Amino acid sequence: QPGAPFVDVLQFPTIEHYAPWAIGIDWTDGIAYYTSAGFYIPVPGAGSLEVRRFNVLTNTQLTPFAVIPLIASANSGLKGVYPVPGVGVFVANGPVLQLYSFAGILVRTYTPSSAENSQSLCGIRVTNSKGHVWVHDEVTCTFFQFNIATGVQTNMFETMGLPGTSVDFEI
């Protein structure tokens, strides 16, 4: 009613929460994709992790998106999840970036040219044209750009930042 004071209602979603680090939302359908572990969990040798789904519009836990085998690295884990409408879901998996279809099927793996500078990929962003994807390494603060369709690396630069000082970015 006009003039009535605003009343804030505290709500707790029913999301299955396991201290996820990587969370990405597809705002076209309100689906949040998130990992089943945190930034430093699991330790190397854990095997695989789930990417789970939650509908933020209906407050509903959905079936898991995919069980993803971890790529062995010094800091294994799924540290980036980025859904892109019409393209799929990008997942930063240790030293590589992977693209999954919305059905949870692996479509392509993007491998940076410098293994030394791609130890723990985390931040993911797609260009406005949806032609290229950028991914960031949190250990070395190095950025890699790939052509989404071909998988070819098209750019790389180092920021010379201190390890762990940059874990996400915007383009």
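Tyr33, Phe65, Tyr100 and Phe102 form one aromatic cluster. Rings of Phe, Tyr and Trp (its six-membered ring) pair if their centres lie within 6.5 Å; planes under 30 degrees apart are stacked, over 60 edge-to-face, and the rest tilted. This is a predicted model, in which local features need pLDDT of at least 70 and side-chain atom pairs count only at pLDDT 80 or more, while totals for chains, interfaces and linings use all residues. Residues are numbered from 1 along each chain as its sequence is written, and side-chain values use heavy atoms, without hydrogens and water.

Tyr33 and Phe65 are among the residues with the most contacts inside the largest nonpolar core, which has 15 residues. Val51, Ile68, Leu78 and Val91 are also on that list. Such a core is a set of buried Ala, Val, Leu, Ile, Met, Phe, Trp, Tyr and Cys residues joined through side-chain atoms within 4.5 Å. Buried means under 20% relative accessible area, exposed over 50%, partly exposed in between (1.4 Å probe, protein chains only). Strands β2, β3 (48–55), β5 (66–69), β6 (78–84) and β7 (88–93) each give two or more residues to this core. Strands are DSSP runs of E, at least two residues, numbered from the N terminus.

Take valine 51. Beyond its neighbours within four places in sequence, valine 51 is in contact (heavy atoms within 4.5 Å) with Tyr33, Tyr34, Pro64, Phe65, Ala66, Ile68, Leu78, Val81 and Val91.

Another core lies apart from the largest one.

The whole structure holds seven aromatic pairs. Tyrosine 110 and phenylalanine 146 have ring centres 5.5 Å apart and planes at 55 degrees, so this pair is tilted. Tyrosine 110 sits in strand β9 (residues 106–110) and phenylalanine 146 in strand β12 (residues 142–147), 36 residues apart. Both residues are buried.

Tryptophan 134 and phenylalanine 157 make an edge-to-face pair, 5.7 Å centre to centre with 65 degrees between the planes. This pair links strand β11 (residues 132–137) to strand β13 (residues 153–158), across 23 residues. Phenylalanine 157, at 37%, is partly exposed.

Finally, the surface. Tryptophan 27 lies in the loop between β1 (23–26) and β2 (31–35). Its relative accessible area is 64%, so tryptophan 27 is exposed.

How values were computed. Helices (H or I, at least four residues) and strands (E, at least two) are DSSP runs, numbered from the N terminus.
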